[in-house]
There are 2 protein chains.
Amino acid sequence: MRGLELLWGLGERPNRGRRPAFTLEQIVRTAVEIADAQGLATVSMRRIAERLGCTTMSLYRYVPGKAELLDLMTDAVMGEVPLADAAPGDWRTRLELSARADWGLYQRHPWILRLPAGRPALGPHGFAWYESVLRVLTATGLPPAALVHVFDLVDAYVRGAARDALDAAAVERHSGLTDEQWWAARAHFWDAVFVPARYPVVASLRAAGALHHPRDRGFEFGLRLVLDSIETFVRNQPNARDETSGRYETLCPQCGNPVSRPASTGRPRTFCSDACRQRAYRARRARPA
Amino acid sequence: MRGLELLWGLGERPNRGRRPAFTLEQIVRTAVEIADAQGLATVSMRRIAERLGCTTMSLYRYVPGKAELLDLMTDAVMGEVPLADAAPGDWRTRLELSARADWGLYQRHPWILRLPAGRPALGPHGFAWYESVLRVLTATGLPPAALVHVFDLVDAYVRGAARDALDAAAVERHSGLTDEQWWAARAHFWDAVFVPARYPVVASLRAAGALHHPRDRGFEFGLRLVLDSIETFVRNQPNARDETSGRYETLCPQCGNPVSRPASTGRPRTFCSDACRQRAYRARRARPA
DNA sequence: AGCGTATGCGTACAGCATAAACAATGAAAT
DNA sequence: ATTTCATTGTTTATGCTGTACGCATACGCT
C-alpha cells in the first residue's frame with residue numbers, strides 16, 4: 001500500500017522535523033544507474049548508499065524495502081518511452097513504433113525483464129504507457145476482449161524476444177566470447193557428444209551460419225509477422241462479433257466509452273459522440289506531430 | 001566446462017574411494033521439487049541438503065556450484081516435453097502442439113522463465129527439443145535463416161506469454177486476492193489518482209470486464225495469430241529466395257543437408273536424396289503414431 | 001527555550017554461496 | 001593383511017545480502 005503512494009508521489013512532505021538529505025528520485029536514479037551498468041544482481045542497498053554517500057539504513061527512511069524500490073525503478077524508466085498515441089499514422093504504424101520503442105527500452109535497461117511484471121507496472125508512467133497503447137488499438141475497431149488479446153500478444157512477443165536476445169548477449173558478455181568463438185572453444189566436446197547424425201538439422205543450420213544473426217534482425221522479422229497477423233485478423237472481422245465476449249461494441253478512441261453501432265446503416269462509427277469526434281480533431285490540430 | 005560434462009552425463013564413476021551417498025539425479029530432482037512447490041527463490045543449497053539429510057557442502061561434491069545445478073534442473077524438466085516431430089500431422093499442427101507443450105511445461109515449472117535462457121539449454125534434452133522443433137519446421141520449405149527466425153518467433157511468443165500469465169498469477173497468489181478483489185481493495189486509492197478522464201480506455205475496458213480472462217484464452221488467441229502469420233509467410237514464398245541470407249536452399253527433413261533445387265523442373269524437392277526419402281518413409285511406417 | 005518529530009547512523013542478526021582444511025571411507029596395491 | 005590413496009562427507013570460516021532495532025541529531029513550531 002505504501003508502495004503505491006510512493007509510486008504516485010502522494011507523500012505530503014511534513015513541515016515539521018529535520019529536512020531529508022536526499023530525494024526519492026535521487027535514490028531511484030542511482031539504483032537505475034547501477035542496474036544499467038553492472039546488472040540487477042549487483043544492486044544492493046549497501047551499494048546504493050555507498051554511492052550516495054550515506055549509510056545503508058538511511059535509505060529505509062525513503063523506501064519501505066527493496067521490492068518497492070524495484071517498482072519505483074521500473075516506473076521511472078517507463079517514463080523514457082514515448083507514448084504510442086503521440087505519433088502520427090494509422091494504428092499499425094503506431095503500434096509498430098510502440099513495439100520498437102519498448103524493444104529499445106529493454107535494450108537500455110535489460111534488468112526490467114528480470115523483474116516480475118504484475119499488473120502493468122502500477123505506476124503513473126506504466127499506466128500512461130498502457131493507456132496510450134490501448135488507445136491506439138481502439139482504432140482497429142475491435143471489441144474489448146479481442147483488443148486486450150491483441151495487446152497481450154504484442155507485449156508477450158516483444159518481451160519474449162527482448163529477453164531471448166538479451167540472454168544470448170549476456171552469455172556472450174559473461175564468457176567473453178562471441179557465439180562463434182564459444183562453439184569453437186567447445187568444438188572438441190561437441191565432437192564427442194554432438195554427433196551430427198543425431199542432430200542433423202541443427203548441425204546443418206549451424207554449418208549454414210543461420211544460427212547467428214544481428215540481434216534485431218530476428219526481432220524485426222517476428223514483429224512484421226505479428227503485425228501482419230493482427231492486420232488480417234482485424235480485416236477479417238470489421239467490427240464484427242467478438243467471439244470471446246459476445247459483444248458487438250467498439251471503443252471510442254477519445255473517451256474510451258463503447259460505441260454503439262447504428263442498426264440502420266451497417267457502417268461502423270468511430271467515435272461515441274460528435275463531441276468526441278470534434279475533441280479528437282482539435283487535439284490533432286493542436287499537436288500536429 | 002565441468003557443467004557440460006555433468007549435463008551430458010560423461011562422468012565415469014571412479015572405482016577407487018568412498019561410495020557416493022546420493023546420485024546427481026536425486027539432487028536435481030529434489031531441487032526441482034522445491035522450486036515447483038515454493039518457487040525458485042527458496043531453492044538454496046542448505047534447503048536441498050536438509051531435505052536430502054546431509055550437510056550443505058556435501059552437494060558441492062556433485063555439482064561445481066549453484067549455477068550448474070540450475071542448468072541441470074532446466075535440462076531435467078526439458079525431458080518432460082514430448083518431442084515435436086513425434087506427433088503426426090503437417091508442420092503447422094505439429095508446431096502448434098509443440099508450442100502448447102511448452103506452455104504446459106512453463107505452467108508446471110514456472111521457475112524456468114526466471115532463469116536466463118542462453119543457448120538452448122545446452123543439455124541433451126534441451127538439444128533434442130531444439131532439433132525436433134527445427135526438424136518440424138523444415139517441412140515449411142523455408143531457407144535456413146528464415147527457418148531460424150520462425151523458430152525464434154514462436155519461442156519468443158510462447159515464453160513471453162507464459163511469463164506474463166505466470167507473473168499475473170503470482171501477484172494473485174502473493175496478495176491472496178484475485179485480480180478482481182485486488183482492484184476492489186484499492187478502489188478508494190484509484191479514485192484519488194486514477195481519474196477515468198485521464199485513462200478513459202483502460203477504465204472502459206475494465207468496466208467491460210475485458211481485462212480479466214482465463215489465462216490460456218489469451219495464449220490461444222495469440223498462438224493462432226502467430227501461426228497464421230507464419231503460414232501466410234510460408235505460402236507467399238514457396239521455397240523462394242531468402243531475403244536475409246540470399247540463399248535458395250532448403251533443408252532435408254531427414255538428414256538436414258541442404259536440398260538443391262533442380263533447375264530444370266521448378267518443382268521443389270523435399271528430400272536431398274532418394275535414400276533420405278525412403279528412410280523417412282520407413283521411419284514413419286515403424287512409428288505410425 | 002523547549003517540545004515533538006523525522007531523519008541519519010551503528011549495531012546486530014539471519015540467511016546466502018562457497019573456499020579451505022580435515023575426517024571418514026573403501027577399493028586397489030603391496 | 002596391511003598399507004596406500006583417491007574420493008566422499010563434514011567442519012569451520014569469509015564475505016556477501018536485506019533489514020529490524022535503538023539511539024543521537026537536527027529542524028520547525030509553539
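In this predicted model, 16 aromatic pairs are found over all chains. One of them joins Trp129(A) to Phe151(A) in an edge-to-face arrangement, with 5.7 Å from centre to centre and 65° between the planes. This pair connects distant parts of the chain, since Trp129(A) belongs to helix α6 (residues 124-138) of chain A and Phe151(A) to helix α7 (residues 144-175) of chain A, with the two residues 22 residues apart. Trp129(A) and Phe151(A) are both buried.

A further pair is formed by Trp103(B) and Phe219(B), which counts as stacked because the ring centres are 4.1 Å apart and the planes meet at 15°, within the under 30 degrees that stacking requires. Here too distant parts of the chain are linked: Trp103(B) lies in helix α5 (residues 91-108) of chain B, whereas Phe219(B) lies in helix α11 (residues 215-236) of chain B, 116 residues apart. Trp103(B) and Phe219(B) are each buried.

The two pairs are set out here.

| Pair | Centre to centre | Angle between planes | Arrangement |
|---|---|---|---|
| Trp129(A) and Phe151(A) | 5.7 Å | 65° | edge-to-face |
| Trp103(B) and Phe219(B) | 4.1 Å | 15° | stacked |

Trp129(A) and Phe151(A) also belong to a cluster connected through ring pairs, whose other members are Phe127(A), Tyr130(A) and Tyr199(B).

Turning to the nonpolar core, the largest one comprises 151 residues, among which Ile230(A) and Ile230(B) touch the most other members. When neighbours within four places in sequence are set aside, Ile230(A) is in contact with Trp91(A), Leu95(A), Val150(A), Leu153(A) and Val154(A), and also with Leu225(B).

Key
Residues numbered from 1 in each chain as written. Chains lettered and ligands numbered in written order. Predicted model: local features only at pLDDT ≥ 70, side-chain atom pairs only at ≥ 80, totals over all residues. Heavy atoms only, no water. Core = buried A, V, L, I, M, F, W, Y, C linked by side-chain atoms within 4.5 Å. Buried < 20%, exposed > 50% of the residue type's maximum accessible area, 1.4 Å probe, protein only. Contact = heavy atoms within 4.5 Å. Phe/Tyr/Trp six-rings, centres within 6.5 Å; stacked < 30°, edge-to-face > 60°. Helix = DSSP H or I, 4+ residues; strand = E, 2+ residues; numbered from the N terminus.
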